[in-house]
Amino acid sequence: MCHEFMEELYAYLDGEMSAQDCEDIQQHLRECAPCRAEYERDVRLKELIRRSCACQPAPSELRQRIVTSIHTSVTVVRRQG
């Protein structure tokens with residue numbers, strides 16, 4: 001799996017990328033089976049979470065802790081890359 005791709009995956013999944021960046025990610029997914037498998041896993045996970053949690057929103061404190069945790073994880077991955 002490609003570390004550069006993983007740094008961009010969540011922005012792509014959340015629709016937070018430019019059209020050109022999306023095309024670059026899609027091209028990478030067509031060419032890289034390990035990243036495509038990771039992407040497909042994350043799409044399924046996101047859908048499962050959406051279906052399971054649709055009835056009640058997460059408290060804002062929990063959301064902030066999750067965002068902080070994600071940013072910390074991405075920073076660690078960048079340093080290891």
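**Cysteines and an aromatic pair in the predicted model**

Cys22 counts as buried, its relative accessibility being 17%. The structure described here is a predicted model, and residue burial is judged against a threshold of under 20% relative accessible area. Cys35 also falls in the buried class, with a relative accessible area of 0%.

No disulfide is present in the structure, the count being zero. For Cys35, the closest cysteine sulfur belongs to Cys32, at 3.6 Å, which is too far for a bond. A disulfide would require the two sulfur atoms to lie within 2.5 Å.

Helix H1 spans residues 3–13. Its buried residues include Phe5, Met6 and Leu9, and Ala11, Tyr12 and Leu13 are buried as well. For Tyr12, the relative accessible area is 15%, and this residue is therefore classed as buried under the 20% limit. After H1 comes Gly15, which has a positive phi near 70 degrees.

Tyr12 also takes part in an aromatic contact. The number of aromatic pairs found in the model is one. This pair is formed by Tyr12 and Tyr39, with a distance of 5.8 Å from centre to centre and an angle of 55 degrees between the planes, and the arrangement is tilted. Tyr12 belongs to helix H1, whereas Tyr39 belongs to helix H3, which covers residues 33–53. The pair therefore ties together parts that are 27 residues apart in sequence.

Notes
Residues numbered from 1 in each chain as written. Predicted model: local features only at pLDDT ≥ 70, side-chain atom pairs only at ≥ 80, totals over all residues. Heavy atoms only, no water. Buried < 20%, exposed > 50% of the residue type's maximum accessible area, 1.4 Å probe, protein only. Helix = DSSP H or I, 4+ residues; strand = E, 2+ residues; numbered from the N terminus. Phe/Tyr/Trp six-rings, centres within 6.5 Å; stacked < 30°, edge-to-face > 60°.
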